[in-house]
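Hi,

Here is the structure I promised to pass on.

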Protein chains: 2
Amino acid sequence: MTNIQEIARLAGVSTTTVSRVINQHPYVNEAKRKEILKIIERLDYVPNSNAKSLKEGMTRIIGVLTGTYTTLSTSFIQAFNTSANKHGFNVMLFITNGDRQQELIALEMLRSKQLDALICLFRTNEWKVIESYTKYGPIVTWQRLVSDTIPSVFMDHYKGYTLGLEYLYAKGYRRIANVFSSKGLNTPERVRSYHDFADKYQLKANSFPDFHDKLTIYDGEEVARWWIGQNDRPDAIACSNDNVAAGLLTELRRAGFSAPGDVGILGFDNTELAHLLDLTTIHYPANKQAENAFYIILDMLGQPAPEVHTLEFELIERKST
Amino acid sequence: MTNIQEIARLAGVSTTTVSRVINQHPYVNEAKRKEILKIIERLDYVPNSNAKSLKEGMTRIIGVLTGTYTTLSTSFIQAFNTSANKHGFNVMLFITNGDRQQELIALEMLRSKQLDALICLFRTNEWKVIESYTKYGPIVTWQRLVSDTIPSVFMDHYKGYTLGLEYLYAKGYRRIANVFSSKGLNTPERVRSYHDFADKYQLKANSFPDFHDKLTIYDGEEVARWWIGQNDRPDAIACSNDNVAAGLLTELRRAGFSAPGDVGILGFDNTELAHLLDLTTIHYPANKQAENAFYIILDMLGQPAPEVHTLEFELIERKST
């Protein structure tokens with residue numbers, strides 16, 4: 001197997017010089033650099049992709065920064081990955097769990113050209129820190145951000161949530177409880193959406209305490225037990241996502257209740273769970289957002305890129321309302 | 001640029017103490033720790049992780065090689081990530097989609113010490129290629145492999161599947177259909193398990209054609225439609241995983257059938273879906289496998305490691321059989 005020593009021997013240089021060329025450090029004589037690259041290519045030196053990327057100045061690897069896994073982030077990452085693969089790019093995922101250092105490692109890899117670009121699903125460092133890296137390569141985000149240097153593919157959750165609430169109203173629901181997730185920046189928009197909705201239809205008197213930080217099937221079951229325990233019950237529950245709606249529905253069924261017979265249930269996201277349990281939900285095109293993020297990156301890398309999709313939330317009526 | 005010496009000077013401590021605080025080692029006076037963190041924040045100091053890793057000879061980053069996402073691989077990766085974080089390691093995920101080059105990039109990062117170790121959930125290159133990298137750092141796999149150099153945390157799916165079949169037999173089921181996934185190396189073991197089981201109880205005459213390549217909720221729905229269309233129906237269906245079992249159950253319900261009233265349904269994995277739909281299933285402790293994989297890596301890196309878990313499949317009886 002070809003190694004760096006062999007390349008150094010053939011080029012009549014030190015292994016350090018070869019290594020410098022491979023890692024794109026400066027301070028290597030241009031003629032030497034070309035000669036070494038030629039040898040690397042001739043010997044088909046193992047990191048083919050490195051040799052290839054040296055030639056075109058790209059690694060064709062895009063970093064994905066995520067905090068942790070959720071159903072939706074997984075769906076985003078899968079779609080981003082598929083789209084990247086289709087255009088000859090690979091994906092490296094950094095699961096930061098909110099660790100600043102781990103995020104900086106990815107940013108530093110962008111700086112040292114080990115990554116061509118970064119997509120930031122979640123961030124821990126201040127935006128100004130992240131922005132300071134945009135001079136090294138494209139950074140695109142999924143988070144709600146208005147920035148000159150970091151394009152965002154975020155969608156307007158005020159609009160999405162309002163779509164769901166107006167649908168519930170049209171179906172005759174007036175006593176609506178809200179279950180929010182508190183991760184991310186979309187929750188305040190959804191809270192604002194409900195407040196405006198309740199004002200518009202003068203529903204303040206019918207209000208229930210909001211739930212917060214509810215994300216999982218188990219959280220949905222907890223909401224179901226709360227609902228069962230009330231004398232004065234909501235007639236509909238708007239959920240933070242389909243996981244919560246699914247747990248809510250199945251726990252109600254275990255106790256002999258049904259939806260929409262006893263209470264209307266509205267999910268959010270339109271994941272597989274909504275399909276599985278025939279949940280009315282809001283379609284959230286995270287996969288198309290992911291494609292848009294990739295197209296924006298492609299364009300910023302100076303490559304021909306497809307046009308970005310126009311994205312809209314969409315109400316999917318099934319059988320839980 | 002701020003460096004560790006400057007922080008040490010301002011805090012009136014040694015650089016070792018600053019380094020301990022940065023790396024979250026214990027044995028630092030709490031008041032000192034807070035003071036140092038305050039200085040770090042004030043100076044907006046970003047520790048140079050490269051310098052840090054050079055000193056201790058480790059990057060504290062472990063690469064995870066996966067083909068694509070499945071419910072189970074996601075659960076494995078999450079657990080591995082949690083375990084790694086708990087011990088001060090971070091995770092970098094390579095989604096290879098079966099691309100040899102992308103896999104080699106991870107292996108080359110192990111060689112160049114950018115990664116301390118690799119966990120291989122899935123591989124595309126020949127094992128001998130992957131084995132040639134074990135001299136650069138620990139490589140552990142989730143795949144069925146017996147190797148001197150690459151430890152595996154695989155479990156015996158012959159045993160797991162037999163557990164499910166014996167349970168179905170004990171419940172009185174005799175006409176069992178099998179739905180297999182064909183990804184990975186576990187399916188042949190499950191097929192062998194059913195053959196031996198059918199031999200043992202002389203059930204050959206009751207056999208139904210096997211399903212293969214069935215993985216998703218939608219695949220389960222397809223199996224349901226097949227079942228509905230038969231004159232001569234199986235009385236139980238052993239599924240490749242809980243996704244298939246869930247799709248099967250809900251599609252049967254849509255058509256007015258029930259489980260176990262009309263047919264027994266057995267899942268596999270014991271994921272959230274099995275909980276959600278009260279599916280009888282086989283608990284597959286992928287999260288404990290992931291912890292074991294991490295503990296083995298820790299040990300191979302010469303770090304103190306917890307003892308590995310003894311792992312067993314377990315039958316979880318719920319309401320679908």
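Is D232(B) buried, partly exposed or exposed? D232(B) is partly exposed, at a relative accessible area of 48% (buried means under 20%, exposed over 50%, partly exposed in between, with a 1.4 Å probe and protein chains only).

Before going on, some housekeeping. This is a predicted model, where local features need pLDDT of at least 70 and side-chain atom pairs count only at pLDDT 80 or more, while totals for chains, interfaces and linings use all residues. Residues are numbered from 1 along each chain as its sequence is written, chains are lettered from A and ligands numbered from 1 in the order written, and side-chain values use heavy atoms, leaving out hydrogens and water.

Back to D232(B): its side chain meets that of R175(B) in a salt bridge, 2.5 Å from N to O (that is, a side-chain nitrogen of Lys or Arg within 4 Å of a carboxyl oxygen of Asp or Glu). The two sit 57 residues apart, D232(B) in the loop between α10 and β6 of chain B and R175(B) in the loop between α8 and β5 of chain B (helices are DSSP runs of H or I with at least four residues, strands are runs of E with at least two, numbered from the N terminus). R175(B) is partly exposed too, at 22%.

Over all chains, the search finds 28 salt bridges. Here are two others:

- E221(B) and R254(B) come to 3.6 Å between their closest N and O atoms. E221(B) is in α10 of chain B and R254(B) in α11 of chain B, so this pair ties together parts 33 residues apart in sequence. E221(B) is buried at 6%, and R254(B) is partly exposed at 33%.
- R192(A) and E189(A) form a salt bridge at 2.8 Å. Both belong to helix α9 of chain A, 3 residues apart, or about one turn. R192(A) is partly exposed at 41%, whereas E189(A) is buried at 12%.

Now for the sheet in chain A. Strand β6 of chain A pairs with β7(A) over 3 bridges, and I237(A) stands opposite I265(A) in β7(A).

Cheers

Terms used: Two strands pair if DSSP finds at least two bridges between them.
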